[in-house]
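Please keep the sequence and the coordinates at hand while following them.

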Amino acid sequence: MVLVFAESQKGQFKKSAFEAVTYGAKTAHAIGTECHVLVLGKADDPSSLGTYGAKKIHQVEGAGLEEFDSQVFGTVIAAAAIKLSAEVVILNHSAKGKALIGRLAARLDAGSVAGVNAVPTVENGVFKVKKNVFSGKAIATYQIKSDVKVLSLMGNAIRPEASGSAAPVEKLDVAVPSGRVKVKSVNTVEGTVPLPEAELVVSAGRGMKGPENWGIIEELAGVLGATTACSRPVADSGWRPHHEHVGQTGIAIRPNLYIAIGISGAIQHLAGVNSSKKIVVINKDPEAPFFKAADYGVVGDLFEVVPRLTEALKAFKANH
Amino acid sequence: MKSLVCVSKTPDTTSKISFTNDQSALDTGNIQFIMNPYDEWYALVRALELQEAQGGSVTLINVGPAANDAIIRKGLAIGAEKAIRIEADPQSALFVAKQIAGHAKAENYDIIFLGKETIDYNGSEVGGMIAELLDLPFISYASHLEMNGNTATIHRDIEGGTEVVEVETPFVVSAAKGLAEQRIPNMRGIMMAKSKPLQVIQQAEAGDLAVAVHFEAPPPKKAVTLVDPENMEELVRLLHEEAKVI
């Protein structure tokens with residue numbers, strides 16, 4: 001059986017959970033078994049995860065699951081995996097998933113691959129799965145030799161597919177240990193999709209000349225329904241908050257659309273964004289290295305091009 | 001604080017990546033290896049800052065072949081007082097974690113530091129594995145860490161923000177940007193590093209359960225389509241009809 005840990009935030013499932021369940025169902029199909037889902041703590045309507053291909057939902061409740069401690073969650077997920085005889089455990093490659101995958105692999109003594117982006121294949125009993133490596137410069141195929149396998153799924157690697165029906169929810173009796181990490185506060189930006197989960201991203205760099213000029217970026221992002229991002233020099237200069245910094249030392253993202261405005265495209269920046277499905281580059285310098293990584297390029301003054309693009313998008317949105 | 005800092009080697013970001021003829025392994029011939037930036041810039045430097053403020057010690061550990069000594073010496077030049085290299089040619093994260101946990105078990109470190117991930121495979125697995133093998137708390141993606149006695153206050157990066165947590169030593173923490181500022185080793189540090197102890201120990205028995213068996217280049221990217229800067233309606237059309245992303 002394939003067991004997917006479905007993350008929830010304040011009881012709500014996020015798109016990443018639907019991606020993970022869809023991936024789990026496809027993985028289960030590949031190895032000829034069923035996909036089940038594990039839900040930790042209270043959650044709204046877990047049975048709905050059945051529509052993404054889960055046959056059964058197992059829910060563990062208990063004090064200590066409201067806040068995230070990788071040790072508590074790791075112990076519970078591992079115990080559930082053993083109790084349910086899971087062959088493959090699937091997580092999201094998210095803040096929680098990254099903290100959990102190593103723990104689970106060590107606890108279950110399982111082979112693990114972090115950040116997979118394709119459904120595994122099984123041929124003659126050999127289990128293989130792919131991920132991007134070397135900042136997207138190569139794709140590696142991993143072979144996992146252990147009976148139990150742990151995978152974390154890259155965000156936006158697979159589109160959620162809702163085609164099934166609601167699944168039964170069963171309480172699973174697993175002890176929840178007490179944790180040693182106390183969460184004091186959580187500070188997140190409300191109202192926008194966090195960058196790692198965003199499908200559309202509008203990002204700007206030093207070409208903006210100063211933080212006072214960001215209005216045109218925010219307007220473009222607003223019309224598009226995109227999340228804003230920035231390059232490292234912009235974050236380092238304090239023009240934009242640290243959590244907007246994408247690139248090698250910031251956040252690595254893979255949205256469907258990445259619009260880079262006034263960013264030259266240093267290799268360290270590309271390392272964090274070149275897995276994006278489509279890249280638009282707007283830059284006045286036709287020699288900017290970013291154009292080599294772009295699908296669409298606009299050579300022009302961003303202070304003229306960006307408002308024009310915003311207007312064109314407004315007209316498009318009015319008709320679609 | 002008695003700290004252990006796990007350091008890994010990784011190809012420099014600007015390296016051209018190619019593979020052996022049978023595409024089963026990285027061709028290391030033309031690659032410049034560096035210390036993984038998250039290990040060097042943030043994990044190691046924060047460990048050194050804690051030592052400077054409150055005393056204690058900073059030990060480096062690496063799992064790898066003798067060729068890694070150059071990277072380890074750089075860490076000593078930045079300020080760690082001693083280093084351990086576990087002689088091995090590691091193929092998987094769990095193998096590395098078992099080696100490090102095997103050493104750390106008897107040493108009672110207060111904090112085990114490492115970078116949030118390596119910039120080549122981006123797995124971020126080893127920290128959680130070490131924590132699990134040693135039954136320790138693990139705080140990942142730390143961008144701020146303050147100690148008050150044995151209690152650490154840590155900001156960890158999460159989707160769209162940060163979470164502030166408290167944890168008592170001992171624990172494992174992985175470092176993100178913001179935890180410290182990069183330090184460049186000076187000449188005195190480089191000279192002193194040559195005589196600092198670098199102990200080589202033999203690997204413990206541990207198998208590889210997940211290994212990369214094949215590498216390929218991503219599908220070639222189509223040349224950029226240039227759009228007239230006066231005609232953004234055309235760009236919108238392409239994004240909708242051709243790219244199908246809006």
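**Exercise 1.** Which residues in α3(A) and which in α4(B) meet each other?

*Solution.* The model examined here is a predicted one. Step one is to list the two sides: Gly102(A), Arg103(A), Ala105(A), Ala106(A) and Arg107(A) of α3(A) meet Gly128(B), Met129(B), Ala131(B), Glu132(B) and Leu133(B) of α4(B). Step three turns to the geometry: the axes of α3(A), residues 95-108, and α4(B) come within 6 Å and cross at roughly 45°. Since angles from 65 to 115 degrees count as roughly perpendicular and those under 35 as roughly parallel, α3(A) and α4(B) are therefore oblique to each other. The crossing of α3(A) past α4(B) is right-handed.

**Exercise 2.** Within chain B, at what angle do the axes of α3(B) and α4(B) cross, and within what distance do they come?

*Solution.* Begin with the axes of α3(B), residues 93-104, and α4(B), residues 126-134, which cross at roughly 45° and come within 9 Å. From that angle it follows that α3(B) and α4(B) are therefore oblique to each other, and their crossing is right-handed. Next, identify the contact, to which α3(B) contributes residues including Leu94(B), Val96(B), Ile100(B) and Ala104(B), while α4(B) contributes Val126(B), Met129(B), Ile130(B), Leu133(B) and Leu134(B). Finally, classify the residues of this contact, which divide into twelve nonpolar, no polar and one charged.

**Exercise 3.** How many residues of chain B are in contact with chain A, and how much area do the two chains bury between them?

*Solution.* Counting first, 77 residues of chain B are in contact with 83 residues of chain A. The area that the two chains bury between them is about 7,000 Å², with 58% of it on carbon and sulfur atoms. On the side of chain B, the residues that lose the most area to chain A are Glu132(B), Glu159(B) and Lys177(B), which together make up 11% of what that side buries.

**Exercise 4.** How many salt bridges are found across the interface of chain B and chain A, and how many over all chains?

*Solution.* Across the interface the count is nine, and over all chains it comes to 32. One salt bridge joins Glu230(B) to Arg308(A), with the closest N and O atoms 3.8 Å apart. Another, between Glu311(A) and Lys314(A), has its closest N and O atoms 3.4 Å apart; both residues lie in α7 of chain A, residues 302-319, three residues apart, or about one turn of the helix.

How values were computed: Residues are numbered from 1 along each chain as its sequence is written. Chains are lettered from A and ligands numbered from 1 in the order in which they are written. This is a predicted model: local features need pLDDT of at least 70, side-chain atom pairs count only at pLDDT 80 or more; totals for chains, interfaces and linings use all residues. Side-chain values use heavy atoms; hydrogens and water are left out. Axes are lines fitted to C-alpha atoms, for helices over the stretch in contact, and angles run from 0 to 180 degrees between N-to-C directions. Helices (H or I, at least four residues) and strands (E, at least two) are DSSP runs, numbered from the N terminus. Angles under 35 degrees count as roughly parallel, over 145 as roughly antiparallel, 65 to 115 as roughly perpendicular and the rest as oblique. A crossing is left-handed if the near helix is turned anticlockwise from the far one by less than a right angle, and right-handed if clockwise. Contact means heavy atoms within 4.5 Å. Ala, Val, Leu, Ile, Met, Phe, Trp, Tyr, Cys and Pro count as nonpolar, Asp, Glu, Lys and Arg as charged, and the others, Gly among them, as polar. Buried area is the accessible area (1.4 Å probe) that two parts lose on being put together, summed over both. A salt bridge is a side-chain nitrogen of Lys or Arg within 4 Å of a carboxyl oxygen of Asp or Glu.
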